[in-house]
Amino acid sequence: MSVPEKVLTNHDLAQMVETSDEWIRERTGIRERHIADEKDTAASLGAQAAIDALRVAKLHPEDVDLIITATSSPEHLFPATACVIQDSIGAVRAGAFDLSAACTGFIFAIEMAAQAIRGGSIKNAVVIGAETLSRIVDWTDRNTCILFGDGAGAFVLQASSEPGGVQSSIMRSDGSGGDALYVPAGGSAMPASLQTVQEGMHFVKMNGREVYRFATRVMAAGAREAVEKAGMDIEDIDLIIPHQANKRIIEAAARSLKMPMEKIVVNVDKYGNTSTASIPIATVEAIEQDRLQPGDNVVLVGFGGGLTWGALTAVWSGPLTEEPRRLHLARYRRIAWVRTMLRRIWRRIDAFLFGRGKSP
Ligand code: UT7
């Protein structure tokens with residue numbers, strides 16, 4: 001995982017909008033969140049998380065066949081943030097694309113990568129959730145700005161002859177609720193213009209109560225369905241790692257599933273809602289706290305804009321306990337930068353020598 005250094009507390013927010021630490025903690029469970037500075041981007045945070053995941057899995061970036069980046073705050077409409085990460089970590093053999101399913105994106109991306117591995121077309125995938133939501137949040141809107149934070153997390157998925165990994169999954173959407181959580185402008189429906197910027201249409205808009213009602217309904221139902229699909233009972237589950245949006249939503253799901261809170265990972269207090277990054281960040285912290293062991297049955301469950309929701313049941317085959325591989329991101333980045341520059345220069349030479357006045 002990778003989060004920016006800068007921390008924004010509820011007390012800091014109370015200086016910016018009409019709110020209070022008490023209100024935010026009571027209604028959401030959030031105490032603070034990390035916020036990107038000028039040099040952080042979704043890709044830079046995602047690249048750091050990807051390299052750390054490869055280090056634990058003892059893989060080289062050149063071993064990676066596929067990179068999927070789930071993100072709600074991509075660097076551009078295109079190219080994909082996944083391609084920026086692929087270039088910066090030197091994963092020269094990997095196909096890379098973004099997956100857009102708001103906060104549920106990480107669950108959908110894991111399912112896509114697991115299926116590609118099971119189908120036999122790839123061996124090693126890196127799945128990343130990466131966000132700089134602070135760039136698309138309206139810092140004058142107290143309904144949304146108190147909720148979100150920046151960060152990234154990544155998983156490595158590998159083909160293995162040992163049984164384990166993803167056992168079942170569900171992926172669901174209800175586009176009729178798209179207007180409950182969305183960014184109106186900046187896409188092709190409402191291209192960016194002076195007017196869209198003046199009206200703040202490029203910021204996140206949310207109907208909080210509606211999303212809350214939807215979330216409390218689908219979190220427990222989704223988890224239950226994924227567990228049943230895996231042929232298990234809720235009692236067989238060792239740990240649930242839910243999307244971290246609001247502590248009350250997680251507690252409501254726990255009550256409905258009759259799961260004790262000790263079996264549910266909650267770290268929304270430290271990071272706020274980091275959208276696609278919240279599940280991998282919570283997983284890393286669960287591993288660091290020895291709450292997740294090889295062989296454990298784990299449920300990942302999320303919901304978000306779209307509306308979308310999804311859940312999967314997995315037998316955890318990591319974490320790997322041996323000494324992680326030494327990989328120096330800075331070195332890979334330098335090599336990748338030189339390679340990128342050389343390729344760009346070569347494209348210009350190629351166009352100059354062979355491309356003038358001709359179309360293929
Ligand atoms: O990844 C998915 C992303 N989105 C979510 O998960 C959001 C889900 N929704 C929620 O988490 C909650 O609905 C919120 C935390 C956004 C809001 O909590 P709530 O308990 O549903 O509050 P509310 O919207 O019903 O508002 C209650 C009151 C309102 O005042 P009135 O109308 O009762 O006078 C709001 O204006 O609280 C007011 N309020 C605030 N007060 C202080 C709303 N935001 C704030 C604030 N500070 N930041």
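Among contacts in the chain with a separation of 6 or more, 77% join residues 24 or more positions apart. The structure is a predicted model.

How many helices and strands does the chain have? There are twelve helices and twelve strands. Buried residues make up 48% of the 360 residues. The C-alpha trace spans about 70 × 55 × 35 Å along its principal axes. A compact globule of 360 residues would have a radius of gyration near 21 Å, and the chain has 21 Å, so the two agree.

Four strands build an open sheet, in the order β7-β12-β11-β10. Their pairing is mixed. Which strands stand at the edges? They are β7 and β10. Each has a single partner strand, so one side of each is left without a neighbour in the sheet. From one strand to the next, the twist averages 15°.

| Strand | Residues |
|---|---|
| β7 | residues 165-173 |
| β10 | residues 239-242 |
| β11 | residues 297-304 |
| β12 | residues 308-315 |

Look next at β11 and β12. These two strands run antiparallel. Eight bridges join them. Which residue in β12 is the bridge partner of valine 299? It is threonine 313.

Helix α11, residues 278-288, lies across β10 and β11. Helix α11 runs at about 145° to β10. Strand β10 is thus an edge strand that has helix α11 lying across it.

Methods
Residues are numbered from 1 along each chain as its sequence is written. This is a predicted model: local features need pLDDT of at least 70, side-chain atom pairs count only at pLDDT 80 or more; totals for chains, interfaces and linings use all residues. The radius of gyration is taken over C-alpha atoms; the globule rule is 2.2 Å times the number of residues to the power 0.38. A residue is buried if 20 or more other C-beta atoms lie within 10 Å of its own, exposed if 12 or fewer, and partly exposed in between; C-beta atoms are placed from the backbone. Two residues are in contact if their C-beta atoms, placed from the backbone, lie within 7 Å. Two strands pair if DSSP finds at least two bridges between them. Axes are lines fitted to C-alpha atoms, for helices over the stretch in contact, and angles run from 0 to 180 degrees between N-to-C directions.
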